[in-house]
Amino acid sequence: MMRPVEHLHLEHVLQTVGALEAVVLRSFGPHGGQVLFTRDTGQAMLSRSGTRILTALRLEHPLARMVVECVWRHNAKTGDGSKTFILLLASLLRMIHTAASKDPHVSLTHNSKEAAKAATARLLADKLLAFALDELDDLISVGVVPYGCVLSWKDFTAKTQSPVQKLLSSFFYTRLGQSNCDFISNLLCEMLTHWKFQHDPPSGSLQFINDNFPALHTPVLGFPISCSRLIEGQVIHRDFATPLTEPDGGSVKVVVFTGHLQPKLLNAGEVLELGCEALGEQENRGNGTSILHYSTFAEISLEYVFSNLQSLGVSVLLSAVKQSAAVLSLATQAEICVVECVSEDELSLFTHVMVKPCSLVICGSGEGQTEQYAAAFQEAIRMVLTTWEPLNTRPTTASKMVIHSHKSTSLHTGDTKPTYGFPCQNSVLEPGCVVPAGGTFEFLLNHALLQHISVCDNHESFPAASQLLANALLSVPRQIYSHSPRYFLQAQAMVLGSVQNHVHPFVMLDSGLESVSCKYHLVLAVLQCVTRLFQIDTMLHTHTRLNTQSRRLANISWEDTEDEAEN
Amino acid sequence: MSVKLDDEDFEWEPPTEAEMKVIQARRERQDKISKLMGDYLLKGYKMLGDCCDTCGTILLQDRQQKNYCVSCQELDSDVDKDNPALNAQAALSQVRERQLASQSPASSQSAELNGGPSSSHIGVSVPQPRPEHCEGAAAGGRAPLPPPAVPSTSAPPPPTVLAPTRPPVCPQTTVLQPVLQEAEDAVLTKLRWATNQLQSSASLEASIQLCSLISSCANSLRSLKELSQ
């Protein structure tokens, strides 16, 4: 009997994402709990990071794996928001499911109600994504950015209570808990200040730190986190291969080698041809043609190299590869210290950095914990980089938005329809814009979307899409205030009140700060994930593994081996 | 390309209120399933790519390679068999009841009918998955249940007898008693079996499930005793 091909039902998608949501929900929010991971080896680790929790789950279901991969990619870009991703995703899926169930367009091309529902859902998801790609950034510039605060790059000092410090502090609060977040954010601020390139835009130096972070930090086990500090200079994470000789004083000269000083004589598969053609018949000549002569020649040239280095006053040799024993003994004789197997990025940082470097020493009590702290630092840097990355919108759509709002004020003078208030002069999503944490972004965007629906009346499909998105966004603050629904209403009222009165909400709320740019990327990433989920028609089961390391999930079509056996 | 269409595809209407309740109950059940699955995933269970054959829920697999269906093995053991979210028959019967009740003149009686069925259902629920047992037992206890497609063993009087439900309680106790007695015996047997299993059980999961079975047997016995009074 032929096993039927499994069509993807909306319920499967919902159930998968619902399970992931249940996993992540308990750690969500500032009061979320931590997950304790234990290995069979006895290693234990506590974590609150959404990406870490999700990637640690044992998932064989292809949809679940796809969702976790989307989360991972989003985290690799922005460093934040994995749990919010899943929450928003689940909420959107449920709303799309409800909308599709209420009104499936049954037509002759679908042979069941399920297929009709799936097709409607796919359509809705596509419309949502199209809407977001088209108009979301303008909505945010007009509806969210004016109520936030734009942090300038010059605010980047390590003073406590500077806005940047507050931004980092609230990030670390959700990641690592309350006890050390101020100290850690201070440390990171110092580091970022040090690496500020004076004449470059902020994203340049932030990108530099992000790319070179593995070389710019050193994990140290066995100390509490409060022992972490910034040190001058760059730490090369290798030990000396030869005895250390103290420098005499003054500057230390270093030579970097990327290859072998003494080439290996014979590797497997190679042929060494000795001698030259002119001496073809005279093989019994004393010099040049035997392997012993060749190796002697090599040693002599090596001694020559080292005497040269000594005369130049070189005292340290950094090598990217492992050098031979002859090199090491010659170096010891010449009182030159050798460090072998230095990693490429450390070497490139060493050779290319123009300013005096400083690096971070991160202390932690155990290996897992230190690794977590280091990961939190890196994610914070990514978050700051995303915040200051300039995003440009097309000027046409922004001006269209302005025209609409002006039109509404001129045509409906008698109406109480509130306008956007601020004429948006710059159509660029302002880099460095932050809003108070705790759901403010979601409340503001929800309000802006609802306003947008009431103002624009000739987009036939977008109102449905923007209504869906507006409702789904509220699930995030609802979950933040899940312990007390009254706070949810209070927070919403406060934010909307400040919108009505054109006041900044952030002077009133005493919570942390979060980056508008990261949230924008989050919403886009979630919508893209939704579209991808609904693009899957069928799941065919195979009994053999096809892709163990899938970073690109382009084709999830597998063969049904049972069918092949039957046929 | 030939496409087969059912008649019901062309007759789609928005769901009625009764069906909305069914949908609501189903949604709550789905939420419970998701929460349970999330808990198990955090405990180290693996989420498989297969679905359960009976209920369509995604299967989980524990460290001992044993497959586990959250809804079949956990939710259904302590949820009412006549919960409309689970049992399509029960849902249909509830909807038809209401339809008939709205057509019949004795609409006040139907309100009692709605109150009545749930308590007597609880009274005779036994942890067995076959719906006709419950239908049959419940039908024995309450005459005017219009029989759905499931044939019930103790067939009630013809479905025209809908209106008077509460008044003829006394003549029905004679029908009620042996049924209740049977149900009590069955529950006690199961209770004894569960107790024996619990004494010899070594696995944590099995013990938890047996304890929940014992508590639901105790609840059933209590309700049966209430009914017989």
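Reply: Here is a description of that helix contact. The model is predicted, so local features need pLDDT of at least 70 and side-chain atom pairs count only at pLDDT 80 or more, while totals for chains, interfaces and linings use all residues. Residues are numbered from 1 along each chain as its sequence is written, chains are lettered from A in the order in which they are written, and side-chain values use heavy atoms, with hydrogens and water left out.

Two packed helices are described by the angle between their axes and the distance between the axes. The axes of helix α1 (residues 10-25) of chain A and helix α2 (residues 17-43) of chain B come within 7 Å and cross at roughly 60°; helices here are DSSP runs of H or I with at least four residues, and axes are lines fitted to C-alpha atoms over the stretch in contact, with angles running from 0 to 180 degrees between N-to-C directions. α1(A) and α2(B) are therefore oblique to each other, a term for whatever is left when angles under 35 degrees count as roughly parallel, over 145 as roughly antiparallel and 65 to 115 as roughly perpendicular. The crossing of α1(A) and α2(B) is right-handed, meaning that the near helix is turned clockwise from the far one by less than a right angle.

On the side of α1(A), the contact (heavy atoms within 4.5 Å) is made by Q15(A), G18(A), A19(A), A22(A) and V23(A), and α2(B) contributes Q30(B), I33(B), S34(B), K35(B), M37(B), G38(B), L41(B) and L42(B). By class, the contact of α1(A) with α2(B) has seven nonpolar, five polar and one charged residues, where Ala, Val, Leu, Ile, Met, Phe, Trp, Tyr, Cys and Pro count as nonpolar, Asp, Glu, Lys and Arg as charged, and the others, Gly among them, as polar.

Technical notes: Helix = DSSP H or I, 4+ residues; strand = E, 2+ residues; numbered from the N terminus.
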